[in-house]
Amino acid sequence: MKKKNLMIAIFMLAITLLFLLSPVIKAQQLEETQQTQWSRSTWLYLPAVEGNNSGTVINTTVTLSYPGTGQVIVQSNGQVQSSTLYSMEMAYMVAMLYAGLNYNNYNLKVFINVSGSISGPSGSFGVMLATYGLATGLNTSILHTYAITGAVSPSGLSGPIGGLSEKCSAASSNNLTLAFPVGNLANSGVSNCKKFLPVPGIIYASNEIYKTSQYDININVSKDAEFELAMKNASNQFINQTNKILNEVNSNMPILNNQTLLILNVQQIINYTKTNINLAKETINKDPYASASYAFTAYYYALTANYTIWLYELSLNKSSYLSTFVNNVTQNIINEANNLESKLINYSNLNTLYSQELMATAFSRIADTIYSAQYTQSISSSISNSSLLTIAQNIAYSQARLESALSWAEAAVLSNRTPPFISQGLILSTASAASTYTTTAVNYANSLIDYYISQYTSIGDIADAQILSAMKNDLNYLLSNANSLLSKSYYTAAIGVYEDALQNSLSIIFIITGTNYPFVTSQYATELQSEFNLISSELASRGLQSSIDNSYMNYAKQIINSEPASALSIMETAVVDSIIWYLGELSFNNANSVNYVTIYSSNNAIDYGMYIIYLAVGIALGALIAMSYVSKTYKKLYS
């Protein structure tokens, strides 16, 4: 009898466990159902300029699907040129990262319903916006009332495009609102638009077109005392070096003799140098990074003035000797940069976010040194008096950039005690993510260079075509160098070189125009600040916060009125630097694992909320039945 009662108790416990686990099993089945395979599509109008210089709007279908491998397919009834293909790949990556999803888990297909050859990046911002809508579950039917044009940048900006007048006419004739880059406001073609919306980037476009809620995010990151100290040291070093060079410049000025134009240029450079020295001294205690930036700029200007005088003195001899001198100087700089890179690799195994970012920046500065020096070598074969200043600027920039790398390396070592501490797994993930993102950006930039080269060549401008070709070669060098470092497991160094390749790609992809109009500058600056705040908040929510990129943003705000183009460039650099670490985190933790469950739902799906209630009731009821029966059985067995 006792044995029979014990068996009944065990049976009842088994039934209870099945009852308790049933909601969990069904919830897992539901999640698996929603995670299997799905596809969502939308369409939009992309304005274009046809071969007869008339405007048209092209119906374009965008399809996002899961699961995938990050593949982007661009098709049409004609031929799609590389400049369009790579811009669409960039558009896909930008859309997915702002949606907080790992783009390696999805696929995108774009069908452009047009015959003939398609070239240029101006359709990429529209495709980016459509992809973002599909990825986040927004109502993409609103896109049907717009014609959207703009060249997407790696940070999410809408870059200036051509043919605005024709595109305005096409949009107006189809009763569509033309959304175009805010940088094109300076173009007179906007007068042909009946309805238009100037757009700086993804955040503004989402608010205005999708009517998403605006947000106000303020990130307050505490300053790193070691970083601040390193920047003060760097500022003082650059100020002292600059003063020594200025004394040399003043003593050598008589060499220019009667060269009025060169004298005026050098004198202006000296004035810029003094202005930046004063700014460096004024800000050294309240904003050490800004102070170091002003001091670096002063040092660069002083070097430029000095090299200009040297080059002019050498030009009085044979021009071939001048070219040899330039190549020798730049090669020495390249050799020093390579030696420094080899030394710093031994210190790159650091374990805090601050130290990793700072050391990566040091490697980035080294890579930029080599990039600039190699570019100078490629254009030094034909030097005239009119180009002496340009050559001097390039040499000065390379030398100053190399010396700044030491400051960043020093700061990295000092900051290796400042949390947050990060794993080597995250560093590897970030390096791999940087590889994929930067490769797309470089391919995008190279395709645009090829496009511009063909334009220059067609009108006989061989000199500019050659300069662009040199830029392409140097970009490919940076990418190749970064890939080599990654293959050798030098992850920090690889991140830095990828960042530099990405930053140099930006100057080709996003050509800053219209900054003489304050409205254009302020719109882009506001957009970049919004993008930075959003990405920074995502990083901060994961415990990955630092003040380095925030320092870039603050410095850019200080110079935006005097140097608007440079300020916007620095701000975009800060955004893409943050994006690199965000992409690394998304990849490392596969952060999209829950996003698509909440966005996409099956027709037969049962509300998760009901499962939670069901589970809670099941636990309570099951536990009560089990405890009651086991208690009674225990009493019968052992009383």
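**Entry 1. The disulfide**

I looked up the handedness of the link between Cys168 and Cys193, and it is left-handed, with -85° about the S-S bond. A disulfide joins these two residues at an S to S distance of 1.9 Å; the term denotes a pair of cysteine sulfur atoms within 2.5 Å. I noted that the structure holds one disulfide.

Because Cys168 lies in helix H4 (residues 164–173) and Cys193 in the loop between strand S10 (177–181) and strand S11 (196–199), the pair ties together parts that are 25 residues apart in sequence. Helices (H or I, at least four residues) and strands (E, at least two) are DSSP runs, numbered from the N terminus.

I then checked burial at each end. Cys168 has a relative accessible area of 0% and is buried; Cys193 is buried as well, with 9%. Buried means under 20% relative accessible area, exposed over 50%, and partly exposed in between (1.4 Å probe, protein chains only).

**Entry 2. Basis of the model**

I recorded that this is a predicted model, in which local features need pLDDT of at least 70 and side-chain atom pairs count only at pLDDT 80 or more, while totals for chains, interfaces and linings use all residues. Residues are numbered from 1 along each chain as its sequence is written, and side-chain values use heavy atoms, with hydrogens and water left out.

**Entry 3. Asn207**

I located Asn207 in helix H5 (residues 202–209). Its relative accessibility is 14%, so Asn207 counts as buried. Leaving aside residues up to four places away in sequence, I found that Asn207 touches Thr212, Ser213 and Gln214; a contact means heavy atoms within 4.5 Å.

**Entry 4. Strand S3**

I examined the two faces of strand S3 (residues 72–76). Val72, Val74 and Ser76 form the covered face, and Ile73 and Gln75 the uncovered one. S3 runs parallel to strand S5 (residues 107–112), and five bridges join them; two strands pair if DSSP finds at least two bridges between them. For Ser76, I found that the bridge partner in S5 is Ile112.

**Entry 5. The whole protein**

I counted 19 helices and 11 strands in the protein. Of its 639 residues, 54% count as buried. Among contacts with a separation of 6 or more, 80% are between residues 24 or more positions apart. I noted an accessible surface of about 27,600 Å², of which 52% belongs to carbon and sulfur atoms. Accessible areas come from the Shrake-Rupley method with a 1.4 Å probe; for residues, only the protein chains shown count as cover.
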